[in-house]
There are 2 protein chains.
Amino acid sequence: MDDASFPITNRNRVRRKPDRGRFDRQTVYDILDAAMVAHIAYVIDGQPYCTPTGFWREDDKLYWHGSSASRMIRSQSAGVPVCVTATHLDAIVLARSGFHHSVNYRSVMAFGTARLVTDPDEKTRALDGFVDRFFPGRSKEIRPATAQETKATSFVVMPIDEASGKIRSTHVMDDEEDYALPVWTARIPVRQVLGEPEPCPRQLPGLDIPDGLKGYRAGRALDEALLEAYHMTYPD
Amino acid sequence: MDDASFPITNRNRVRRKPDRGRFDRQTVYDILDAAMVAHIAYVIDGQPYCTPTGFWREDDKLYWHGSSASRMIRSQSAGVPVCVTATHLDAIVLARSGFHHSVNYRSVMAFGTARLVTDPDEKTRALDGFVDRFFPGRSKEIRPATAQETKATSFVVMPIDEASGKIRSTHVMDDEEDYALPVWTARIPVRQVLGEPEPCPRQLPGLDIPDGLKGYRAGRALDEALLEAYHMTYPD
């Protein structure tokens, strides 16, 4: 087993289009760290649920949060198997046959056992981490969490047991004989971009955008801003 | 029970932030029809999986596809419970406390039993539908599917038993006493936008973008283009 890569098991093997599979940690981490929202699959009484959730990574652990009251947290507090998936849509690919229509994307499926964060120190770190991971330094700039808020907030942690990345980044790929067909084809790029910040109407006058947020400038790709913010907060 | 709305059950009730819940079919359908990729949660031997997949809606049914060989399709062909979730990230919301940091979003969780499409007519319709739903009229412009391709393609259909939408679309919402704090706050819009189409390098000369694809113009929001394409193909 190569420490720089996740082991390939029955659970994380890329069966469909295996040439798109990526198992090296850096590639998997970059896909995760460029995302703000993941989809989390979990099971209650045999019924699967898929919940979109803000999340972040610390070393080989994923964290997310929710109200102490939420069904997801309650069901997961005992430590339950989950699958966390982060996906970036990068392009629409229009080919000369329906079969070769596709999209370019980067995705990660991460597997592990999720449990509620109960250690008070780990919870305090998570409260700040959830803010600072996205907005470097911001936990020091805002009003600290009250005891009531801390109580009402739960965090879930999932050490990544296995993960796989999957990437399609090529152009139109048609069957050789189809290139002669008079069909308009293209790869249409898709980007998630930031708009101009809209200050809160009740914002006090004279406040400038903090340094830690300057990466979130209008027109920039969100995934780039998120990855940059991640490395500001976790320099190694 | 109101036919214009999904019934609220133990499964689709919005427990966390119930004021954000939406159960009317039109709102739920608009969120689904503005998306190209959903995340599908399913269970194999107690292990949840969350797979990003291209999907579309026809009436009250969701369709998606995959290779006949894929684990997801094999596990679902018998008819298994799934949860299909579509999510649009609309803004990042920076507040004066960590507790009120948020994102604006539109999401739908749809529940039902998925089964493999085995009826040949339904499968033929799905082959065209998957192309035309996104790219109106395109199934008539491309090379038709071969018998081999048809055989290698599987579709899954899931009648929506229950669904719930969830929307946050407000501005910064802080505790009243916190508005006096000197903290920079903002709502930063996020949009998934289309770039300039990059034609296939081997494209024949003299081909123009077909009418059905003209909605996919550079700079446009993908969700708008997808919703417009949907209504071109399904006018009612």
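**Strand pairing and the A–B contact**

Let me begin with one pair of residues: A:Y42 stands opposite A:Y49, the latter in strand β3 of chain A. What I present today is a predicted model.

That pair belongs to a longer arrangement. Strand β2 of chain A, residues 37–44, runs antiparallel to β3(A), and eight bridges join them. The two strands form a hairpin with two residues between them. In the turn, A:D45 has a positive phi of about 50°. As for β3(A) itself, which covers residues 47–58, nine of its twelve residues are buried, so the strand is largely enclosed by the rest of the structure.

I turn now to confidence. The model scores ipTM 0.94 and pTM 0.95. For chain A, the mean pLDDT is 92, with 94% of residues reaching 70 or more. Where in chain A is confidence lowest? It is lowest in helix α2, residues 71–76, at a mean of 65, and highest in strand β9, residues 186–194, at 98.

Strand β9 also leads us to the partner chain. The contact takes 78 residues from chain A and 78 residues from chain B. On the side of chain A that touches chain B, the elements giving two or more residues include β2, β3, α3 and β9 of chain A. The largest share, nine residues, comes from β9(A). By residue class, that side of chain A divides into 45 nonpolar, 19 polar and 14 charged residues.

Definitions and conventions: Residues numbered from 1 in each chain as written. Chains lettered and ligands numbered in written order. Predicted model: local features only at pLDDT ≥ 70, side-chain atom pairs only at ≥ 80, totals over all residues. Buried ≥ 20, exposed ≤ 12 C-beta atoms within 10 Å, placed from the backbone. Helix = DSSP H or I, 4+ residues; strand = E, 2+ residues; numbered from the N terminus. Pairing = 2+ DSSP bridges. pLDDT = per-residue confidence, 0-100. Contact = placed C-beta atoms within 7 Å. Nonpolar A, V, L, I, M, F, W, Y, C, P; charged D, E, K, R; others polar.
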